[in-house]
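Subject: Structure handover and findings

Dear colleague,

Please find below the structure for your review.

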Amino acid sequence: MLLEAIYHRPKQNWCYAYDERTIHIRIRTKRNDVDAVHAMAGDKYAWDQTVAYIPMTIMSSDEMFDYWECEVIPPYRRLKYGFLLQEGDQKLWMTEYTFLGEPPADPNRLFEFPYINLIDVFTTPEWVKDAVFYQIFPERFANGDPSINPVGTLPWGGTPRPDNFFGGDLQGVIDHIDYLSNLGINALYFTPLFTATTNHKYDTEDYLQLDPQFGDINLLKKLVSICHERGIRVVMDAVFNHSGRTFAPFVDVQKNGEQSRYRDWFHVSKFPITVENGIPTYDTFAFEPLMPKLNTENPEVKAYLLHVAEYWITEVGIDGWRLDVANEVDHQFWREFRQAVKKAKPDAYILGEIWHDASNWLQGDQFDAAMNYPSTNAILDFFVEGSTDAEGFSHAIGKQIAHYPRQANEVAFNLLDSHDTARLITLCKDDKSKMKLTVTFLFTFTGTPCIYYGDEIGLTGGNDPECRKCMEWDPAKQDHDLFKFYQELITIRLNHRALRTGTFTFLSPAAGSTLLAYAREDDNEKFVIIMNNNSKVQSTTIALEDSQFEDIRTKKSHMINKGLMNVELLPYECLILKAVRK
């Protein structure tokens with residue numbers, strides 16, 4: 001055994017309380033280097049009476065490591081533990097300090113989870129596990145009330161630019177709520193709705209006012225009420241990292257300079273504020289002068305923004321927040337933000353926009369989830385770009401799953417495109433078969449899937465601003481086959497809990513292969529999903545324990561012969577097989 005590869009710490013994703021009774025323990029070993037791992041666990045005050053060896057299983061792997069996991073229900077909500085690692089005839093016991101060739105005589109040298117304090121348990125909203133999100137860019141979804149169009153509004157369906165308007169509004173969403181219900185989604189994510197100067201509204205002018213081009217607060221209340229009546233949750237977008245240049249406190253700083261009472265609301269390095277050689281003399285988002293960075297350590301700023309967070313929940317009844325540029329805001333602000341939001345609505349969803357490893361924000365004291373861009377990248381690399389094989393894809397996904405506690409993975413916000421990226425059908429070069437296969441993985445993967453408005457009817461578009469086209473409402477120009485495909489996938493996911501919160505296991509992904517198979521399983525159901533990510537017909541053989549599977553779409557039976565299933569798949573075909581258990 002390569003001892004240098006073995007890793008564990010009694011914190012973060014390596015040892016955590018999953019719920020009020022259960023502790024999850026993980027350990028890392030070199031890939032294919034260890035035959036078996038057991039957690040040796042017991043109560044520190046009754047070690048001899050409670051110690052037990054609990055088998056661990058490989059939860060995921062990457063190119064270098066295997067990640068083992070087990071769960072323990074300690075009798076007294078506290079735990080002392082170590083590990084027994086076996087490779088052939090070799091046995092090693094791992095304590096917090098060293099490796100031993102025999103069981104440790106002193107349990108005090110083991111790792112410890114001191115106590116499951118309920119207030120410390122990372123709890124995520126149950127409803128998010130069952131959610132299928134639909135992202136709406138309000139300015140481009142539907143124009144339901146032309147009387148509130150901004151000056152210079154263009155006819156619907158024109159070419160999107162960074163600075164033009166087409167009059168999308170909240171009445172347009174209400175007018176098409178039957179369309180959304182018919183699609184089957186049960187959660188909406190709106191990009192910003194607050195008063196701002198741009199079409200994207202990420203340059204907030206007033207955090208307590210709805211932009212008049214979208215409607216007023218009463219209309220938003222009506223929309224939220226209609227959604228809730230239909231079982232649809234509503235999440236709004238907020239930018240607490242920076243405001244817009246027309247935000248009243250920043251206007252005051254521009255006017256009064258060092259004498260402004262709001263000077264400490266921002267990070268100003270030089271007065272009067274200006275832009276020198278393309279770089280503002282105050283901190284901003286990127287180097288954008290229109291977006292001055294807020295000083296969230298300032299007590300007044302903090303109090304104002306926390307009031308904003310509570311206001312839209314208590315006044316309108318929204319169900320959560322998506323937080324823009326979340327990784328550039330201080331952690332202490334987010335800790336207080338979570339306390340304020342969860343006090344206002346305990347099951348509110350707090351989602352951070354983080355494009356990289358979000359572990360530091362997913363410890364139970366800040367966000368419930370992050371936008372899962374690392375998985376997005378892995379999915380696109382395999383299914384769309386073809387830049388990695390099935391083995392490499394499994395490594396990328398396995399590594400990502402191992403980074404976070406299970407409760408964070410269960411509510412991870414999984415997306416394939418958004419207002420910040422090119423659209424999926426465009427990335428697939430209009431290959432609908434490839435797009436469908438990619439979307440099928442999204443809907444059978446751990447976490448909550450999100451559809452970017454228009455994907456379901458074949459809306460195209462490259463990177464911003466092309467990805468922000470007006471929604472197509474002419475039935476003759478909509479792809480109805482694609483819409484039906486999304487409907488079917490949503491129904492399948494919502495009808496089978498194992499596809500939402502069951503275990504996720506890759507089934508022998510091979511180097512150089514474009515064939516992918518994985519299993520989703522809970523106490524009631526088991527699914528095996530087999531995909532041919534290739535333009536040619538391919539065959540594969542998969543070892544399985546169950547004797548019979550049924551394709552849940554075609555109802556065709558697949559028998560297992562001597563523990564093996566042989567299947568032939570057409571180009572870009574996917575089989576979603578459910579074990580037949582009597």
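The notes that follow describe selected strands, the sheet and the nonpolar cores.

This is a predicted model, in which local features need pLDDT of at least 70 and side-chain atom pairs count only at pLDDT 80 or more, while totals for chains, interfaces and linings use all residues. Residues are numbered from 1 along each chain as its sequence is written, and side-chain values use heavy atoms, with hydrogens and water left out.

Strands near the N terminus of the numbering

Strands (E, at least two residues) and helices (H or I, at least four) are DSSP runs, numbered from the N terminus. Two strands count as paired if DSSP finds at least two bridges between them. Strands β1 (residues 15-17) and β2 are antiparallel and share three bridges; they form a hairpin with five residues between them. Within this pairing, C15 has I25 of β2 as its bridge partner. β2 also pairs with strand β6 (residues 65-72), again in the antiparallel sense, over eight bridges, and T29 stands opposite D66 in β6.

Buried means under 20% relative accessible area, exposed over 50%, and partly exposed in between (1.4 Å probe, protein chains only). Seven of the eight residues of β2 (residues 23-30) are buried, so the strand is largely enclosed by the rest of the structure.

The parallel sheet

An open sheet of eight strands, with parallel pairing, has the order β20-β19-β18-β15-β12-β11-β22-β21. β20 (369-370) and β21 (413-414) stand at its edges with a single partner strand each, so one side of each has no neighbour in the sheet. β20 is joined to β19 (residues 349-352) by two bridges in the parallel sense, with G352 opposite A370.

Strand β12 (residues 187-190) pairs in parallel with β11 (residues 133-136) over four bridges, where Q135 stands opposite Y189. Four bridges also join β12 to the parallel strand β15 (residues 233-238), where A187 stands opposite R233. In β12, A187 and Y189 point one way and L188 and F190 the other, and all are buried.

Nonpolar cores

A nonpolar core is a set of buried Ala, Val, Leu, Ile, Met, Phe, Trp, Tyr and Cys residues joined through side-chain atoms within 4.5 Å. The largest has 122 residues, and Y134, W321 and F337 have the most contacts inside it. Helix α7 (residues 299-316) gives the largest share of this core, nine residues. Another core, of 24 residues, lies apart from it and includes I6, C15, M56 and L85.

Yours sincerely
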